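This report walks through a few local features of one protein model. Please keep the sequence and the structure in view while reading.

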Amino acid sequence: MEEQEKKPARIIADHGHLQRLITEEGECWGRISGRMRHDSLETSLVPAVGDWVAITGQPGEEAIIHNLVPRQSRVSRQAAGPVTKEQLIAANVDTLLIVAALNHDFNLRRLERYVLMAWNGGVRPVIVLSKSDLCNNVEEQIRSVEGVAPGVEVLAISAVEDQGKSLLERYLQPGLTVALTGSSGSGKSTLVNWMMGEDVQLTQSVREGDSRGRHTTTHREMFVLPQGAVLIDTPGMRELNLWDEGSDGLSHAFGEIEELAATCRFLDCSHTREAGCAVKEAIQDGTLDEKRLSNYLKMQKELQYQQRKEEVATRRRTASSKPTSSRKPKHSRSVKEWEEA
Ligand SMILES: Nc1nc2c(ncn2[C@@H]2O[C@H](COP(=O)(O)OP(=O)(O)OP(=O)(O)O)[C@@H](O)[C@H]2O)c(=O)[nH]1
Ligand SMILES: [Zn+2]
């Protein structure tokens, strides 16, 4: 058989056995080649939304996906369930827009977790406080969020009053990819429609008036914005268990705590009861919030736990030569409903 020329494509939706692709010639469906599927058992490299791939096929036909281009960055969490593995939410993302509504008591600890997820995957986080029209102390709220996200831009917008769009422009230039995340009801779909300048995504208020119910509505995942950037609207997350591929997100997200920790008297200080603990001193003199420290310690523990589980799995795999897909942790842990925490 004649060797077909491979062409680049990007995955715009993941339907499991079929992938929706965008190519130079337009959109088409694609299927992962048998070879690639076989290899993915070893590598866990399964294409996700945002991935660049090499395909063959004629326009108008179903394409075959042969290779995955190495990822520049990733938005990912730990998959729910007993097996320690990554769940990739979006690949090749420049900026993660973390949306939180100003009319609710937004949870600073949850924002810290989203920020850490971004840094862990090599993605720049930006916090977008939505519905500013429903809040009368916007500046104060921005300051309090900035306090838990050093080095992260925090901005306020209102889609209803068309406020703040210009603040987002720098993340929306051609060639860039932005992803959207945040709690249900924070205004993500409204933000997509507002940025697109037309109703492309169904918002909660529309869905509620829809007799077919919210679960039957289709949800598009990728858009090309008028500004030129590609926008990925990620599916809602009820829980966010962290995943780190070694990007050291903690030192990005909690840099000031790690700097303090470096000056503790003991190298292995746990910052709980040791003498000469600079972190505890900072809490006593009010420069560090105790809740921020405990969230840091909690997430650090989660990531260490992930690492240990992976090490155990690797050792077992080498012992039994099992494929990656059957990596089992020593102990399984039920996932928390962190949204409600
Ligand atoms: N006042 C005001 N309401 C808004 C604004 N943006 C969104 N809303 C309302 O907030 C509600 C939730 O908005 P959605 O855009 O559906 O929220 P979502 O984050 O996409 O929700 P999920 O799809 O469930 O994840 C809707 O009733 C919107 O009309 C805003 O800027 N101001
Ligand atoms: Zn200490």
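A cavity here is a set of points, on a 1 Å grid over the protein atoms alone, where a 1.4 Å probe fits but cannot get out; lining residues have an atom within 4 Å of a point.

The lining consists of Ile32, Met36, Arg37, Ser40, Leu45, Val46 and Pro47. Helix H1 (residues 34-43) contributes the most, with three residues. By class, five lining residues are nonpolar, one is polar and one is charged.

## Basis of the model

This is a predicted model: local features need pLDDT of at least 70, side-chain atom pairs count only at pLDDT 80 or more, and totals for chains, interfaces and linings use all residues. Residues are numbered from 1 along each chain as its sequence is written, chains are lettered from A and ligands numbered from 1 in the order in which they are written, and side-chain values use heavy atoms, with hydrogens and water left out.

## Strand pairing around S5

Strand S5 (residues 63-68) pairs with strand S3 (residues 26-32) through three bridges, and the two run parallel. Strands and helices are DSSP runs, numbered from the N terminus (E, at least two residues; H or I, at least four). Pairing requires at least two DSSP bridges between the strands. Glycine 30 has alanine 63 as its bridge partner in S5.

Strand S4 (residues 52-56) runs antiparallel to S5, joined by four bridges. Here isoleucine 55 is partnered with isoleucine 65. S4 and S5 form a hairpin with six residues between them. Glycine 57, in the turn, has a positive phi of about 140°.

## The annotated binding site

An unreviewed UniProt entry lists Cys264, Cys269, His271 and Cys277 under "binding site". Such annotations may be inferred rather than shown by experiment.

Cysteine 264 lies in the loop between helix H8 (255-261) and helix H9 (278-284). Histidine 271 is in the loop between H8 and H9. Cysteine 264 counts as buried because its relative accessibility is 8%, and buried means under 20% relative accessible area (1.4 Å probe, protein chains only). Histidine 271 is buried, at 10%.

Contact means heavy atoms within 4.5 Å. Leaving out residues up to four places away in sequence, cysteine 264 touches Cys269, His271, Gly276, Cys277, Ala278 and Val279. With neighbours within four places set aside, histidine 271 contacts Ala261, Cys264, Cys277, Val279, Lys280, Leu293 and Leu297.

Methods. On a 1 Å grid over the protein atoms alone, a cavity is a set of points where a 1.4 Å probe fits but cannot get out, and a pocket is an open set with protein on both sides within 12 Å along at least five of seven lines; lining residues have an atom within 4 Å of a point. Ala, Val, Leu, Ile, Met, Phe, Trp, Tyr, Cys and Pro count as nonpolar, Asp, Glu, Lys and Arg as charged, and the others, Gly among them, as polar. Buried means under 20% relative accessible area, exposed over 50%, partly exposed in between (1.4 Å probe, protein chains only).
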